[in-house]
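Here is a briefing on one protein model. It goes from the cores to the sheet, then to the rings.

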Amino acid sequence: MTADTATDVFEEHRPVLMGVAYRMLGRVADAEDVVQEAWLRWTGADRSDVREPRGYLVRVTTRLAIDRLRQVQSRNEAYPGPWLPEPYATDYEATVPDTAERAVLTDTVSLAVLVVLESLSPLERAVFVLREAFGYPYAEIAGVLDRTEPAVRQLAGRARRHVGERRPRYVVDPAERRELTERFLAAAAGGDLDGLMALLAPDVRLVADSGGLAKAPLRVIESADKVGRFLHGVSAKGGVADASFRFMEINGGSALVVLAAGKPDAVFQLDVADGRVQRIHVVRNPEKLFGLALDR
């Protein structure tokens, strides 16, 4: 395999490798570092015996991600306030047909599910990602992780039960989410408390991630009354200076990006069901917004 061919092969599989690494780590920068390290391993390896490049690259990437995850989990334990994954610009609606495959990709990259995955062990998370997001057979996952197939099945069962117990119980309809997000923006930006309250489920939760680097609640806000009054108060104080707004597909679903002087200042993503907002995720940590691609 020539150097040019090796590069072409790696680039062909880069989206899958990035998908694995991001779901494992929840941070774009960490995922990119892992994929770059996988590239270095690939270029320095003896590729003459590699019969299935995708399998080889996924194995390398997964193992590197497990090592990185063990490092960052201790970092997240000391995180100020709620931790949310770094917003990841996706393009499933344009590139993946409206099939079961898109539903799986969207679900396994959603902010809500990635938050749940944070509580899994690195091995459980790797098995869940490879099995649920990419459909790998247990035998192949066993080879990736250097574990027996029965052990992998046990890890998968444990991870599936854990995620099933903690993930949101509602299914997010893409069109409904976009429509409610637009109404949410109009009510919040316009200081319409009644309109805002009409959108919120009684037990709505607002989870904000600032990393201690921007203004945001350090605790989860619960109930329509408290969430509505908090958002109305932010609007009444003027919100973000020189603000503009943009809708983007983030983590598989429509999200509202707030720009300050043209740069990302916050990402709002709503989980909705039955015509009401059930959960609001807000990312304001500037370190998690710096690399957000706005040219899509």
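A nonpolar core is a set of buried Ala, Val, Leu, Ile, Met, Phe, Trp, Tyr and Cys residues joined through side-chain atoms within 4.5 Å. Buried means under 20% relative accessible area, exposed over 50%, and partly exposed in between, with a 1.4 Å probe and protein chains only. The model is predicted: local features need pLDDT of at least 70, side-chain atom pairs count only at pLDDT 80 or more, and totals for chains, interfaces and linings use all residues. Residues are numbered from 1 along each chain as its sequence is written, and side-chain values use heavy atoms, with hydrogens and water left out. Helices (H or I, at least four residues) and strands (E, at least two) are DSSP runs, numbered from the N terminus.

**Cores**

- The largest nonpolar core has 53 residues. Met24, Trp42, Leu117 and Leu145 have the most contacts inside it.
- Several helices each supply at least two residues of this core, including helix 2, helix 3, helix 5 (100-109) and helix 9 (149-166). Helix 1 gives the most, with 11 residues.
- Contact means heavy atoms within 4.5 Å. Leaving aside neighbours within four places in sequence, Met24 touches Ala65, Ile66, Leu69, Pro122, Arg125, Ala126 and Val129.
- Another core, of 24 residues, lies apart from the largest one. Among its members are Leu200, Val204, Ile221 and Leu231.

**Sheet**

- Two strands pair if DSSP finds at least two bridges between them.
- An open sheet of 6 strands has the order 2-1-6-5-4-3, with mixed pairing. Its edge strands are strand 2 (221-222) and strand 3 (243-250), each pairing on one side only.
- Strand 1 (residues 200-209) is antiparallel to strand 2, over 2 bridges. Arg205 stands opposite Glu222 in strand 2.
- Strand 4 and strand 5 are antiparallel, over 5 bridges. Leu259 faces Pro264 in strand 5 as its opposite number. The two strands form a hairpin with 2 residues between them, and Ala261 in the turn has a positive phi of about 55°.
- Strand 5 and strand 6 run antiparallel, joined by 7 bridges. Phe268 stands opposite Val282 in strand 6. This hairpin also has 2 residues between its strands, and Asp274 in the turn has a positive phi of about 55°.
- Strand 5 is mostly covered, with 9 of its 11 residues buried.

**Helix on the sheet**

- Helix 12 (residues 224-236) lies across strand 1, strand 2, strand 5 and strand 6. It runs at about 55° to strand 1. Axes are lines fitted to C-alpha atoms, for helices over the stretch in contact, and angles run from 0 to 180 degrees between N-to-C directions.

**Rings and charges**

- Rings of Phe, Tyr and Trp (its six-membered ring) pair if their centres lie within 6.5 Å. Planes under 30 degrees apart count as stacked, over 60 as edge-to-face, and the rest as tilted.
- The whole structure holds 4 aromatic pairs. In one of them, the rings of Phe10 and Trp39 have centres 5.2 Å apart and planes at 65°, so the pair is edge-to-face. Phe10 lies in helix 1 (residues 3-25) and Trp39 in helix 2 (residues 28-44), 29 residues apart.
- A charge sits over a ring if NZ of Lys or CZ of Arg is within 6 Å of the ring centre and within 35 degrees of the ring normal. The charged end of Arg131 sits over the ring of Tyr138, 4.2 Å from its centre. The charged end of Arg178 sits over the ring of Phe247, 4.2 Å from its centre.
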